[in-house]
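Q: I am new to this structure and would like to learn how to read it one feature at a time. Could we begin with the way its parts are named?

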Amino acid sequence: MKVRPATSEDCKTIHRFICELENTQFDYSRFEEYYMRNLDNKDNIYLVATDSETVTGFLSCHGQYLLHHMDKVFEIQELYVDENYRSQKAGQLLTEALEAILKIQGYKYLEVASNIKRTNAHRFYISNGFAQTHYRFTKTLD
């Protein structure tokens, strides 16, 4: 298994991954618009894990300058591994590749938020060196 930057050609597969992650069906044309915009944004890092030519996992990460860190902080926004490829180190390879990119660029902060119901994901992050240091609160504005 290898990791490479995501490309525009990966959009349909990543759309499927994100729909599965969120257990919903997002409008593809709108998703594609957002994906392409984010792919071109230098503050985003999109990576895919592949097995031969098959995309098996996806990681998206966004960086922003936060005043309370006085530095640029990156946050994993989505991490998804195809059900058929779980427990084969794809998630670990994706996070390790991201960390390597950030270290090369001189960044030192990486965060992730995970839905409270995703206990397997929590175990994954802890086993990969993340510490639970914050609570995150969400409010939907109607």
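A: Helices (H or I, at least four residues) and strands (E, at least two) are DSSP runs, numbered from the N terminus. By that scheme, Asp 71 belongs to strand 4. This is a predicted model, in which local features need pLDDT of at least 70 and side-chain atom pairs count only at pLDDT 80 or more, while totals for chains, interfaces and linings use all residues. Residues are numbered from 1 along each chain as its sequence is written, and side-chain values use heavy atoms, with hydrogens and water left out.

Q: How do I read strand pairing, and in which sense do strand 3 and strand 4 pair?

A: Two strands pair if DSSP finds at least two bridges between them. Strand 3 and strand 4 are paired in the antiparallel sense, over 10 bridges, and Leu 66 is the residue that stands opposite Asp 71 of strand 4. The two strands form a hairpin with 4 residues between them, and Met 70 in that turn has a positive phi of about 50 degrees.

Q: In which sense do strand 4 and strand 5 pair?

A: Strand 4 and strand 5, the latter made of residues 109–112, pair in the parallel sense over 4 bridges, with Tyr 109 in strand 5 as the bridge partner of Val 73. Between these strands the chain passes through helix 3, and the resulting β-α-β crossover is right-handed; that term applies if, with the strands pointing away from the viewer, the path from the first strand over the helix to the second runs clockwise.

Q: What does Asp 71 touch?

A: Contact means heavy atoms within 4.5 Å. Setting aside residues up to four places away in sequence, Asp 71 touches Gln 64, Tyr 65, Leu 66, Lys 108 and Tyr 109. For Asp 71 and Gly 91, a separation of 20 residues in sequence goes with 26 Å in space, C-alpha to C-alpha.

Q: Which residues of the largest nonpolar core touch the most other members?

A: A nonpolar core is a set of buried Ala, Val, Leu, Ile, Met, Phe, Trp, Tyr and Cys residues joined through side-chain atoms within 4.5 Å. The largest one has 16 residues, of which Ile 45, Leu 59, Cys 61, Ile 76, Leu 79, Leu 94 and Leu 98 touch the most other members. At least two residues of this core come from each of strand 2 (44–51), strand 3 (54–66), strand 4 (71–81) and helix 3 (90–104). Apart from it lies another core, of 13 residues, including Ala 6, Ile 18, Tyr 35 and Tyr 46.

Q: Is Ser 60 buried or exposed?

A: Ser 60, a residue of strand 3, counts as buried because its relative accessibility is 1%. Its side chain is joined to that of Glu 78 by a polar contact of 2.3 Å, a term for a pair of N or O atoms within 3.5 Å, where within protein one must be able to donate a hydrogen and the other to accept it, and residues adjacent in sequence count only if both atoms are side-chain atoms.

Q: What should I know about salt bridges, and how many are found in the whole structure?

A: Side chains of opposite charge can pair when their charged atoms come close. A salt bridge is a side-chain nitrogen of Lys or Arg within 4 Å of a carboxyl oxygen of Asp or Glu, and a search of the whole structure finds 8 of them. In one, Arg 136 and Glu 75 have their closest N and O atoms 2.4 Å apart. This pair links distant parts of the chain, since Arg 136 is in the segment after helix 4 and Glu 75 in strand 4, 61 residues apart. Arg 136 is exposed, with a relative accessible area of 54%, whereas Glu 75 counts as buried at 12% relative accessibility. Another salt bridge joins Arg 37 to Glu 33, with the closest N and O atoms 2.7 Å apart, and both residues lie in helix 2.

Definitions and conventions:
Buried means under 20% relative accessible area, exposed over 50%, partly exposed in between (1.4 Å probe, protein chains only).
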